[in-house]
Each structure stands twice: as structure tokens, then as C-alpha cells.
Amino acid sequence: MKKTISIFTLLLFTLGNIYCQDWVVPADRKGKLSPFKFDDNSRKEGERLYMINCKSCHGTPGKGDYQANLVPKPADPVTEQIQNNLDGELFYKISTGRGPMPGFRNSLSANDLWHVISYIRSYKKDYIQAVAEMIKSSAYPGAEIVVSLLSGPAADEITLLAKAVSEKQVVPVTGAGVKLFVKRTFGRMSLDEEKTTDKEGIAVFRVPAGLPGDTAGKLHVSAVFTNEDAFGSVSKDTVLRAGIKISPVSLTAERAMWNVVRKAPVWIILTYTLGVLGVWSFIFLIMLKLRDIFIIGDHISKTEKE
């Protein structure tokens, strides 16, 4: 038993040391740059995404209210521990995650990740951004990868078209693994399985029946290449009319546990009312018994005196 406890303690100590070591980012990922310039719009979108996905652990920037009980500790974004990272290092760490920090590569698009970094960088006064000139591909040297998303050919399908554009020619990107995501309230949902572009650079994804869209039936779709080393961090975000029209219903429109008292479920109102009546009835009964005891005691006292 003692041997088992010793092994378990050693294992925890070892894991703790591993997590507390520096987070090493591959050399070829450190120099990664945002494909767009950070501005007020990207910072606002980054703030929205940060509050949804990061605040619970890293806290509000500058407040120091991060979850200090986690190992390793998720530092405040305004500190040097985070701000001393290169843009590429931040992108890699947010994408892959480590320990209790999840990787957001499959829940946020590449552009979303850069928006978050844009918000984080707004707390570094001397920050000067370097923007990537063009998305290059090792599979198509000298060319820029361009991705298009279209509805069809069938009503429940979305077509992806990938091309490599250079000064000399435009050729289809063939044999490339691609994934499609649709934006949900919290993060992204994978749409269909991973596909491979054909000889024309085309991959067709099926839209599940009854997939809810916005009030106009539109879906916010994001496409990414699964082989980032060969095709770069190419992503394409667009809006397509491929979902079911959904009219949002207020969470307080119907009776519910989280609603106001007058719209609480009837069974809760009855249970609460009966519970309160039961408690007060019990208290009243105790008061009556105490009164009876007082009367009996007073009667016995008078009898003894007589």
C-alpha cells in the first residue's frame, strides 16, 4: 500500500513539473502572422470571443481574477508572461492548448483566433503588428490559396472550391484535406466528415436535415485545410442560405424555473407555497404547545400556593 502511494505521489510530482516547464512552441510556428491588420472591429470581436471562451480561466484582463488553483496557472493577459509571446506563439498555444487549457482549433476559426490575439494585444502599449503579406503554400510554391464556398449542387449540400492563384496561372488544389464548420452559439460544430478535394479542387459537404440557421435560414460557415504545413492557415468564412429558418424565442416568454415569480412553473409555486404553509403551521403548533405548558405550569404553581 505504501509503495502504491509513493508511486502515485511521484507521478503527481512528475506531472506537475512537466506542466510547470516552459511551453515550447515549434520554431516553424513562432513566425506565424495574422493575415489581416488588427483594428477596432477585430478587437471588439476578439473581446466577445475572449469573454465566452477564455474569461472563466484567465479572468478579466488587468483584474488578476484568473483561476490560480489550476496547474499551470492561466496568467492574466496583460502580464509579461503572455505579452512577451510572439503572435505566432500565442496562435499556436491557443490553437493546441495544454493541460487544463483546451485547444480551440476545432471550436474557433483561424480568423477567430487572430481576433482574440488582437484583443489581447490591445493591452500592450508598445505593440507594433506585423501582417502576413500573403498566404503561401508549400504544396503550390509562389501561389496564393483561394477558397470559395457555394450552396449546392443539391439543396442539402455545400460545395468548396480551392484554387492556387499565381501570376502565371490558376490551378485547382487537389488532394487536400478540408473540414467545414458551422458557427453555433458556443463555438463551432463540425459539418459532415473531413473531405478531400478532387482533381478540380472541389469537395462537397452534406448539410444535416433540419440544421437551424438564423431568422433568414442562413448559416455562418468556416472552411479550413487540415494539413496546415502544406497549405498554410487558409480559412474561409462566409454566410450561406443552407439552414432552417429559426425565430428566436425569449427564454422568459414561457413558464420556466429561471423566470420571474409570476411565470414560474405551477408545480414550483404550489410546492413553495405548501412548504411555507407547512413550516408556519409547525411553528404555530409549537407556540400553542408552549402556551399549554405555560398554562399548566401556572395552574400547578397556584395550586401549590393554596
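Me: What makes up the secondary structure of the protein chain?
Reply: The chain of this predicted model comes to nine helices and eight strands. Of its 306 residues, 31% are buried. Among contacts between residues at least 6 apart in sequence, 58% join residues at least 24 apart.

Me: Why is α6 called largely enclosed?
Reply: Buried means under 20% relative accessible area. Nine of the 10 residues of α6 are buried, so the helix is largely enclosed by the rest of the structure. Among them are Asp87, Glu89, Phe91, Lys93 and Ile94. The buried residues of α6 pack against α2 (27-30), α5 (80-83) and α7. After α6 comes Gly97, with a positive phi near 75°.

Me: Why is the pair of Phe91 and Trp114 called stacked?
Reply: Planes under 30 degrees apart count as stacked, for rings whose centres lie within 6.5 Å. The centres of Phe91 and Trp114 are 4.7 Å apart and the planes make an angle of 25°. Both values lie inside these limits, so the pair is stacked.

Me: What makes this pair a link between distant parts of the chain?
Reply: Phe91 belongs to helix α6 (residues 87-96) and Trp114 to helix α7 (residues 110-121), and the two are 23 residues apart. Phe91 and Trp114 are both buried.

Me: How do you know that the pair of Tyr119 and Tyr123 is edge-to-face?
Reply: An angle over 60 degrees between the planes is required, with centres within 6.5 Å. The ring centres of Tyr119 and Tyr123 are 5.4 Å apart and their planes stand at 85°, so the pair is edge-to-face.

Me: Is Tyr119 buried or exposed, and how do you know?
Reply: The cut-off for a buried residue is under 20% relative accessible area. Tyr119 has 5%, so it is buried.

Me: Why does Tyr123 count as partly exposed?
Reply: A partly exposed residue lies between the buried limit of 20% and the exposed limit of 50%. Tyr123 has 34% relative accessibility, so it counts as partly exposed.

Me: How many aromatic pairs does the structure hold, and which residues form one aromatic cluster?
Reply: The structure holds five aromatic pairs. Phe36, Phe38 and Tyr127 form one aromatic cluster.

Me: Why is β4 called largely enclosed?
Reply: Five of the seven residues of β4 are buried, so the strand is largely enclosed by the rest of the structure.

Me: How do you know that β4 pairs with β5 and β7?
Reply: Two strands pair if at least two bridges are found between them. Six bridges join β4 to β5, and five join β4 to β7, so each count meets the requirement. β4 runs antiparallel to β5 and likewise to β7. Leu180 stands opposite Leu191 in β5 and opposite Ala223 in β7. The hairpin of β4 and β5 has four residues between the strands, and Gly187 there takes a positive phi near 80°.

Me: What makes β5 and β8 edge strands?
Reply: The strands form an open sheet in the order β5-β4-β7-β8, with antiparallel pairing. β5 (188-196) and β8 (235-241) each pair on one side only. From one strand to the next, the twist averages 25°.

Me: What makes up the largest nonpolar core?
Reply: The largest nonpolar core has 27 residues, and those with the most contacts inside it include Leu149, Ile158, Leu180 and Phe225. At least two residues of this core come from each of β1 (144-151), β2 (157-165), β4 (177-183), β6 (202-206), β7 (218-225) and α8 (228-231). A second, separate core has 15 residues, including Phe104, Leu108, Ala110 and Leu113.

Me: How do you know whether Glu228 is buried or exposed?
Reply: Glu228 is placed in helix α8. Its relative accessible area is 17%, which is under the 20% limit, so Glu228 is buried. The C-alpha atoms of Glu228 and Gly177 are separated by 9.7 Å, although the two residues are 51 residues apart along the chain.

Terms used. Residues are numbered from 1 along each chain as its sequence is written. This is a predicted model: local features need pLDDT of at least 70, side-chain atom pairs count only at pLDDT 80 or more; totals for chains, interfaces and linings use all residues. Side-chain values use heavy atoms; hydrogens and water are left out. A nonpolar core is a set of buried Ala, Val, Leu, Ile, Met, Phe, Trp, Tyr and Cys residues joined through side-chain atoms within 4.5 Å. Buried means under 20% relative accessible area, exposed over 50%, partly exposed in between (1.4 Å probe, protein chains only). Rings of Phe, Tyr and Trp (its six-membered ring) pair if their centres lie within 6.5 Å; planes under 30 degrees apart count as stacked, over 60 as edge-to-face and the rest as tilted. Axes are lines fitted to C-alpha atoms, for helices over the stretch in contact, and angles run from 0 to 180 degrees between N-to-C directions. Contact means heavy atoms within 4.5 Å.
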